[in-house]
Amino acid sequence: FVTTAVTRGAFPLRESPEDQSQVHLGNLADNPGARKNRKRVGRGIGSGRGKTAGRGHKGYKSRSGNKGLLLFIGGQTPLHKAVPKRGFSNPHAFISRFDPINLKRLVYFINSGRLDTSKTITMKHLRDCGAVYPKVGVKLLAGGVTRLDKPIHIEVSDVSDHARRIVEEAGGSVHVAYYNRLGLRALLKPERFTTIPRRAAPPPKLLWKYPEHYKDVEKQMEARKGQ
């Protein structure tokens with residue numbers, strides 16, 4: 001049995017050499033310097049952080065709510081404004097924002113009677129039945145299906161080569177059509193327009209993807225004249 005001597009006042013407990021080599025609740029502590037005391041400001045002159053609390057006199061940085069000015073370099077023209085812009089606009093970024101729909105999901109909605117295969121399925125039909133809610137366009141993918149039992153005719157913004165091959169092998173067709181945001185909104189919600197706007201032409205860098213766009217627009221205009 002080992003005893004420890006306790007002294008009065010501010011002196012700590014004295015442990016024997018055997019107790020110092022053992023770990024117990026009485027000698028647990030962080031390493032020296034691991035924990036620092038919180039800086040207490042505004043506690044009087046004697047603390048060294050009184051009066052202005054280390055912020056100095058006046059100015060933006062002495063006020064409450066100061067979070068610093070991002071990219072501020074003393075009133076002169078910032079570097080991000082002095083240097084000219086570099087880079088380009090990638091037209092393929094428009095294509096990458098299309099909402100995907102797999103053939104497996106499309107077949108599910110057809111078998112459940114929520115899509116009619118006797119006519120061309122458009123993005124409006126896909127939205128009305130709840131298959132997809134496009135914001136920019138729809139891309140048809142071949143996920144989950146290797147063959148189709150019945151032909152389907154569908155119009156989307158983009159299609160993968162595998163999905164096109166599966167649809168065409170079943171006797172169907174896939175028509176790729178370009179719609180900008182206004183044109184897509186007019187297609188999905190025509191009741192909000194008093195006059196349906198004319199479909200916009202694709203950017204010059206995307207004409208290779210929509211070669212039949214102008215033929216589609218001419219057919220659309222002729223159909224309106226006939227009405």
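Three strands, in the order β1-β2-β4, form an open sheet with parallel pairing. Strands β1 (99–102) and β4 (158–159) stand at the edges with a single partner strand each, so one side of each has no neighbour in the sheet. The model is a predicted one, in which local features need pLDDT of at least 70 and side-chain atom pairs count only at pLDDT 80 or more, while totals for chains, interfaces and linings use all residues. Residues are numbered from 1 along each chain as its sequence is written, and side-chain values use heavy atoms, with hydrogens and water left out.

**Overall composition**

- The secondary structure of the protein comes to eight helices and five strands; helices (H or I, at least four residues) and strands (E, at least two) are DSSP runs, numbered from the N terminus.
- From the N terminus on, the order of elements is α-α-α-β-α-α-β-β-β-α-β-α-α.
- Of the 227 residues, 27% count as buried; buried means under 20% relative accessible area, exposed over 50%, and partly exposed in between (1.4 Å probe, protein chains only).
- Among contacts (heavy atoms within 4.5 Å) between residues at least 6 apart in sequence, 45% join residues at least 24 apart.

**Strand pairing**

- Strands of a sheet pair through backbone hydrogen bonds, either parallel or antiparallel.
- Strand β1 runs parallel to β2 (residues 138–141), and four bridges join them; two strands are said to pair if DSSP finds at least two bridges between them.
- Within this pair, N102 stands opposite L141 of β2.
- Helix α4 (residues 103–111) packs on the sheet and touches β1 and β2, and its direction makes about 65 degrees with that of β1. Such axes are lines fitted to C-alpha atoms, for helices over the stretch in contact, and the angles run from 0 to 180 degrees between N-to-C directions.
- Strands β3 and β5 also pair in the parallel sense, over four bridges, and V156 stands opposite V176 in β5.
- In a regular strand the side chains alternate between the two faces of the sheet. In β5, V174 and V176 make up the covered face, whereas S173 and H175 make up the uncovered one.

**The nonpolar core**

- The largest nonpolar core has 38 residues, of which F94, L103, L106, L115, L126, L140 and I154 touch the most other members. Such a core is a set of buried Ala, Val, Leu, Ile, Met, Phe, Trp, Tyr and Cys residues joined through side-chain atoms within 4.5 Å.
- The elements that each supply at least two residues of this core are α3 (92–95), α4, α5, β2, β3 (153–156), α6 (161–169), β5 (173–176) and α7. The largest share, four residues, comes from α4.
- Leaving out residues up to four places away in sequence, I154 touches L106, T120, I121, L126, L140, S173, V174 and H175.
- I101 is found in β1 and counts as buried at 2% relative accessibility. I101 and L140 are 39 residues apart in sequence, yet their C-alpha atoms are 5.3 Å apart in space.

- Residues A163, I166 and V167 of α6 are buried. Seen down the axis of α6, these buried residues fall within an arc of 95 degrees, so they line one face of the helix; the arc is that of the directions from the helix axis to the C-beta atoms.
- An α-helix has 3.6 residues a turn, so residues three or four places apart point the same way.
- The face of α6 turned away from its buried side carries the exposed residues D161 and E169. The elements covering its buried residues include α4, β2, β4 and β5.
- In α7 (residues 181–188), the buried residues are G183, L184, A186, L187 and L188, and they pack against α5 (123–128).

**Individual loop residues**

- Most residues other than glycine have a negative phi, and most peptide bonds are trans.
- K58, although not a glycine, has a positive phi of about 55 degrees. K58 lies in the loop between α1 (17–20) and α2 (79–82) and is exposed, with a relative accessible area of 68%.
- L71 is not a glycine either, and has a positive phi of about 65 degrees.
- R199 lies in the loop between α7 and α8 (213–226) and counts as buried at 11% relative accessibility.
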